[in-house]
Amino acid sequence: MSGPRQAVLVLLVCGMIGQVEAAGAEVLAFDEAERQLIESHGPWPPAPRHDPSNRVSGNPDAIELGRHLYFDAELSIDGSMSCATCHIPKTGLGDGLATGKGREQLSRNTPHLFNLAYSRWYGWGGGADSLWAQSIRPIMAPLEMAATPTHVVTRIKDQPLLSCLYQKTFGSPVAGHGEQEGLVNAAKSLAAFQETMVTGRTSFDAFRDALLAGDSNSADQYPVEAQRGLKLFVGKGQCSLCHFGPQFTNGEFGDVGIPHFHGKGVVDKGRYGGIQNLQKTPYSLAGPFSDDGTEKTARKTRHVTLQDRNWGEFKTPSLRNVAETAPYMHNGSLPTLDAVVRHYSEIDEARLHVDGEKILKPLHLSVQETGDLVAFLKSLSAPLVQPINEDMTAAECSPGHTNQRP
Amino acid sequence: MRIFTGVILLTLSTTSAFADCGTLNAPTDQQLSSKAYQLQYRMEPDGLAVSQDFSVLFEVCKSDGTAVEGTPSVDAYMPMHGHGMNYRAQVEKLGDGKFRATGFMFHMPGKWQFKFDINEPQGSEQLTADHMVK
Ligand SMILES: [Cu+2]
């Protein structure tokens, strides 16, 4: 081979390697322990789950009623706000603010509403044990929608579409139901609607499945930074201990050193207050409004115990779509994923419970490692499987018309 | 009541000696023992998984083959993390030394330790067992 031709060939080969690397065509080696944890973060999507405590869970008419209630500002006492005012479809079903804004500044961050059908507890302190119970809270909260059961029932009765959908869903006009029952039924419809907010498959899910199937051609589509971040997540970072499973949450509570004092001497009791609420609310699964006749769904509520360490513990958030739901933590104090990772990296152990979990310690991540972990967290995003229909005019309700199961 | 049980025990002791304690002995059942006690248990449903609620069916026999008196309690914790469960298991007495504890939930992967506390008039004892939860 003559000199110039050889040079061209070398150039070509180099060019190809360059391209391949740019596409990130590499699969890191994961050991057995890492693979096991990676496997536990799937499969996705999970099988649909219907809530036994909510007899209209999955019912298409209830979902349609819930959709209309969700966007209905008249559900609030003065027509000033709806669920969608704070859980805005366009901004990750949150509001993008550090803490929510009701009639006054609220003290907690507005969480997203993705994949909530699979949660065990609701709210940052887990003060509700079902999605329908959690949906009653903002309707009644004085600083939020500030309504009453009478107001809710009157609104449904007076609005022809809501009234028609209610009757179709529950088999009786709302006027025929007591006010408490009407309120709970509205909340159960809101829950049925929120259960449809399931996110789709992410690039992480594709990687997980390919890795387990030994399909390196597909696995190498996943950027190598995200793979390194994943390694940190299931390994040194120990993130999977709490952000466990397909939801990236174990559904329980923890203290990761975010201050729970807000304002002058006001403390957010976190999980402690949540359990206290569960013990006194009539809307728990152990109360009269659950539709589950078996012991099963109420078991968690009957067995949960109030412990000192619950002070300042908050719900471990699911990390699916986390890149879409800034700012972060129960008080919205961390503006970006980069800030969250740096928080864990330099965590102040003195801030954690004395008898708390010996899990979190400063990771002292390098700049590259921080970037890798952020790249991994960003790979957990995917749009809703079923986009939210915000068109309220398309509604139809007549005795003969049945809404389609989505 | 006590006399009544005593009479039954006396009658039984002459025939098949205390066959009622020690019947939880499927090949998959877990065994724990000390000088004074023999403890068998099984998880319901079988197999442990993170964030899944389960019950423990267990049986405690004394070294002489009779059923334990009173009701033992059961708890679980993560020795490496220094924390226990977020739930308290409730023990129901089934008779013949058998009990069912409901309301368990292991909320993290890793090593969990069951603690069975046996309290009898003649003394108390704790039996422990480790399980890896994945
Ligand atoms: Cu732990």
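**Figure 1. Chain B from end to end.** Read along its sequence, chain B runs α-β-β-β-β-β-β-β-β-β, which amounts to one helix and nine strands. Please keep in mind, here and in the views that follow, that this is a predicted model. Chain B has 134 residues, and 41% of them count as buried. If you take the contacts in chain B between residues at least 6 apart in sequence, 56% of these join residues at least 24 apart.

**Figure 2. The disulfide of chain B, Cys21(B) to Cys61(B).** The two sulfur atoms of Cys21(B) and Cys61(B) sit 2.2 Å apart. About the S-S bond the angle is -95°, and the link is left-handed. Distant parts of the chain are joined here: Cys21(B) belongs to the loop between α1 (2-14) and β1 (30-33) of chain B, while Cys61(B) belongs to strand β3 (residues 53-62), and 40 residues separate the pair. Is this pair buried or exposed? Both Cys21(B) and Cys61(B) are buried.

**Figure 3. The disulfide of chain A, Cys164(A) to Cys397(A).** Over all chains the count is two disulfides. In the one shown here, Cys164(A) is joined to Cys397(A) with an S to S distance of 1.9 Å. The link of Cys164(A) and Cys397(A) is left-handed, with -80° about the S-S bond. Cys164(A) lies in helix α7 (residues 160-170) of chain A and Cys397(A) in the segment after α15 (367-378), so the pair ties together parts that are 233 residues apart in sequence. Cys164(A) and Cys397(A) are each buried.

**Figure 4. Two cysteines of chain A without a disulfide, Cys86(A) and Cys239(A).**

**Figure 5. Where chain A meets chain B.** In this view, 21 residues of chain A are in contact with 21 residues of chain B. About 1,900 Å² of area is buried between the two chains, and carbon and sulfur atoms give 51% of this area. Polar contacts across the interface of chain A and chain B come to 14 residue pairs, both residues at pLDDT 80 or more. On the side of chain A that touches chain B, helix α13 (residues 299-303) supplies the largest share, three residues. By class, that side of chain A has six nonpolar, seven polar and eight charged residues.

**Figure 6. A mostly covered helix, α14 of chain A.** Helix α14 spans residues 337-345 of chain A, and seven of its nine residues are buried. Which residues of α14(A) are buried? They are Leu337(A), Ala339(A), Val340(A), Val341(A), His343(A), Tyr344(A) and Ser345(A). The packing partner of these buried residues is α15 of chain A.

Notes:
Residues are numbered from 1 along each chain as its sequence is written. Chains are lettered from A and ligands numbered from 1 in the order in which they are written. This is a predicted model: local features need pLDDT of at least 70, side-chain atom pairs count only at pLDDT 80 or more; totals for chains, interfaces and linings use all residues. Side-chain values use heavy atoms; hydrogens and water are left out. A disulfide is a pair of cysteine sulfur atoms within 2.5 Å. Helices (H or I, at least four residues) and strands (E, at least two) are DSSP runs, numbered from the N terminus. Buried means under 20% relative accessible area, exposed over 50%, partly exposed in between (1.4 Å probe, protein chains only). Contact means heavy atoms within 4.5 Å. Buried area is the accessible area (1.4 Å probe) that two parts lose on being put together, summed over both. A polar contact is a pair of N or O atoms within 3.5 Å; within protein, one must be able to donate a hydrogen and the other to accept it, and residues adjacent in sequence count only if both atoms are side-chain atoms. Ala, Val, Leu, Ile, Met, Phe, Trp, Tyr, Cys and Pro count as nonpolar, Asp, Glu, Lys and Arg as charged, and the others, Gly among them, as polar.
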